[in-house]
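Biologist: I am new to this structure and would like to go through its strands and charged pairs with care. Could we begin once it is in view?

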Amino acid sequence: MNTTGENNYSIASVEKAFTVLEYIVRHTSNVSAIEIHSQTGIAKPTLHKILQTLKELGYIDQNPDTSHYFATMKLLQTAYHSINRHDFFKTYYPYILMYMRRFHCPCSLVIYSGTDSVIVYSSVGTSNVIVDNTRIIGCTLPLYASSSGRLLLSSLDENLAKELLAAVPLTPLTGCTLCTVDEIMDFVRGIKKKGYCRIDGEIYYGFSNVAFPLHDTTGRMIGSMNFVIPKDQVDTIMSEETVSEILTTMDKVRLKIV
């Protein structure tokens, strides 16, 4: 029978392994074992075993010239299976494709992972292309300044939403970005009434970002369908009739999460 101490040790070991893996993943350049030790505080013998295990499992590899570590594509492969576990992509891709062809604008699908908005599909559309690091698959969008992030905030308890906003720097992305908790929460309350989120010029000058909620069969918000539209065209493209149509359509398409 395992003792409590042994159980605690096992949990601590897993936590350390994920700390190492996340540190490596979040760096665009290769990292050395010395740097990982310095930044994580994990003892060198333990760190060596963790690095060797992660390498044997295929999650990291080493540069043959420097012996520095980098993440492999196995994480992306693992994420693919996670995304498709409930047919999320299979379910919503036909709709995102239909709207992209109809609106001729960049579109994306976002999954909510806890309190994070994570892009799982992104298309630049056919015109008025915007390509930057906020549209890369796997990117986490800012809660305070993205349409999908504010949509997520609208689904949370207001006190929790305020805590999340207070915990991050509300750095303005443009001169139009709301950057105080009170301003953002006032905006979020409006989302609850409308059922979708539209922000104008807060991420890109001259462009509006529009996000529509995606739900599971229990009514829980699990993600969003997003569009980036030139500000001078958004009222025409996202007319009241079109917004109502999209909300009605997406409300009927609900995933069963088991």
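Modeller: Two strands pair if DSSP finds at least two bridges between them, and helices (H or I, at least four residues) and strands (E, at least two) are DSSP runs numbered from the N terminus. This is a predicted model, in which local features need pLDDT of at least 70 and side-chain atom pairs count only at pLDDT 80 or more, while totals for chains, interfaces and linings use all residues. Residues are numbered from 1 along each chain as its sequence is written, and side-chain values use heavy atoms, with hydrogens and water left out.

Biologist: How many bridges join strand 3 to strand 4?

Modeller: Strand 3 covers residues 107-113 and runs antiparallel to strand 4. Within this pairing, Cys107 has Ser123 as its bridge partner. The number of bridges joining the two strands is seven.

Biologist: Which residue stands opposite Val118 in strand 5?

Modeller: Strand 4 also pairs with strand 5 (residues 140-141), in the antiparallel sense and over two bridges. The residue of strand 5 that stands opposite Val118 is Thr140.

Biologist: Which residue forms a salt bridge with Arg150?

Modeller: A salt bridge is a side-chain nitrogen of Lys or Arg within 4 Å of a carboxyl oxygen of Asp or Glu, and here the closest N and O atoms are 2.5 Å apart. Arg150 lies in helix 6 (residues 147-154) and its partner in the loop between strand 6 (197-200) and strand 7 (207-215), so the pair ties together parts that are 52 residues apart in sequence. Both residues are buried, meaning under 20% relative accessible area, with exposed over 50% and partly exposed in between (1.4 Å probe, protein chains only). The partner of Arg150 is Glu202.
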